[in-house]
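Here is a short tour for anyone meeting this structure for the first time. Have a look at the sequence and the fold, then read on.

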Amino acid sequence: ENVAHALSLPDEIWMIIFSYLSHTDVGVLSRVCKRLHSLTSDQLLWANVFLACHGSKKLRAYRLSMHGPYRTWKQCTILELLKGKLTNVEGSLYKKDSDFGISRWVKRKVKLSAKHLQYTLPDPLKGIYVSQKLRNSNYSKNIPFNRIRSVKETESMLYEGIMLYCFEVQERGKGPTRFLPTVTHYFAATDIETAKKWFLLIEEHYIAYK
């Protein structure tokens, strides 16, 4: 009876109650029932939540930016919260390379930053005598998060006696047209925990940037 009575309160009363709650509490209430989900989707409510979390300067910046017309204030709040969690992460993964139609998995250094996913490339000077300055050059490939189409888990596989747990990152081609071919980058780890960790990290960075 108490729950039914609470749900029968006018919308204005609920909005006053919501104004005292954190973004986490509002998010939890949105999953209770259809009525609370509808009430907690109010644009003005989430604009106030955004203001409380990130301040008036950030709020004005969003209103003037490209994000404003295309995202709700709830989405903008979640986006900023995700961006706050992004960290530079370094490690190593297996990367699938294809040369002259022959595919092989090679271990590469991988780095996540706020704007892109980076992995090292084979050293073209390997086996050649060159100066130390050239030898110390960094050969790497960047995949900007704004060009990633999707991040997907794929089937595990056995490669040269090693079990690899795989996922793929699809990158759209450079240029203004949407008809450019998609480039698929395949990554893998030798244990499922590491593969899952990197998959989730890349997905989180990609979603936050998107």
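## Rings and core

Tyr119 and Phe187 are both buried, where buried means under 20% relative accessible area, exposed means over 50% and partly exposed lies in between, using a 1.4 Å probe and protein chains only. Before going further, a quick note: this is a predicted model, in which local features need pLDDT of at least 70 and side-chain atom pairs count only at pLDDT 80 or more, while totals for chains, interfaces and linings use all residues. Residues are numbered from 1 along each chain as its sequence is written, and side-chain values use heavy atoms, with hydrogens and water left out.

Back to the rings. Rings of Phe, Tyr and Trp (its six-membered ring) pair if their centres lie within 6.5 Å, and the planes count as stacked when under 30 degrees apart, edge-to-face when over 60 and tilted for the rest. By this rule there are five aromatic pairs. Tyr119 and Phe187 make an edge-to-face pair, at 5.8 Å centre to centre with 75° between the planes. This pair ties together distant parts of the chain, with Tyr119 in strand S3 (residues 116-120) and Phe187 in strand S8 (residues 182-189), 68 residues apart. Helices (H or I, at least four residues) and strands (E, at least two) are DSSP runs here, numbered from the N terminus. Ring pairs also join Tyr119, Phe167, Phe187 and Phe199 into a cluster.

Two lysines come into the ring story too. The charged end of Lys95 sits over the ring of Phe187, 5.8 Å from its centre, and Lys96 lies over the face of Tyr186, 5.0 Å from the ring centre. The rule for a charge over a ring is that NZ of Lys or CZ of Arg is within 6 Å of the ring centre and within 35 degrees of the ring normal.

Which residues have the most contacts inside the largest nonpolar core? They are Leu112, Leu117, Phe167 and Val169, in a core of 20 residues. A nonpolar core is a set of buried Ala, Val, Leu, Ile, Met, Phe, Trp, Tyr and Cys residues joined through side-chain atoms within 4.5 Å. Elements giving two or more residues to this core are strand S1 (89-99), strand S2 (102-112), S3, strand S5 (148-153), strand S7 (162-172), S8 and helix H9 (192-209). H9 gives the most, with six residues.

## A bent helix

Now for helix H5, which runs over residues 43-64. H5 has 22 residues, yet its end C-alpha atoms are only 17 Å apart, short of the 32 Å that a straight helix would reach; the expected span is 1.5 Å times one less than the number of residues. Where is the kink in H5 centred? Gly55 is the spot, and the kink is about 120°, with the bend taken as the angle between axes fitted to the seven residues ending there and the seven starting there.

At the start of H5, a side-chain oxygen of Asp42 comes to within 3.1 Å of the backbone nitrogen of Leu44. The buried residues of H5 are Leu45, Trp46, Ala47, Val49, Phe50, Leu59 and Tyr62.

| Pair | Apart in sequence | C-alpha to C-alpha |
|---|---|---|
| His23 and Val49 | 26 residues | 6.3 Å |
| Ser41 and Val26 | 15 residues | 9.5 Å |
| Cys33 and Leu7 | 26 residues | 9.6 Å |
| Ser113 and Phe145 | 32 residues | 9.7 Å |

His23 is in helix H3 and counts as partly exposed, with a relative accessible area of 27%. Ser41 belongs to the loop between helix H4 (34-39) and H5. Ser113 sits in the loop between S2 and S3, and it counts as buried because its relative accessibility is 13%.

## Two glutamates

Is Glu171 buried or exposed? Glu171, in strand S7, counts as buried because its relative accessibility is 3%. Its side chain makes a polar contact with the side chain of Arg147 (2.5 Å). A polar contact is a pair of N or O atoms within 3.5 Å; within protein, one must be able to donate a hydrogen and the other to accept it, and residues adjacent in sequence count only if both atoms are side-chain atoms.

Glu160 is in the loop between strand S6 (157-159) and S7, and at 68% relative accessibility it counts as exposed. Most residues other than glycine have a negative phi. Glu160 is not a glycine, yet has a positive phi of about 50°.
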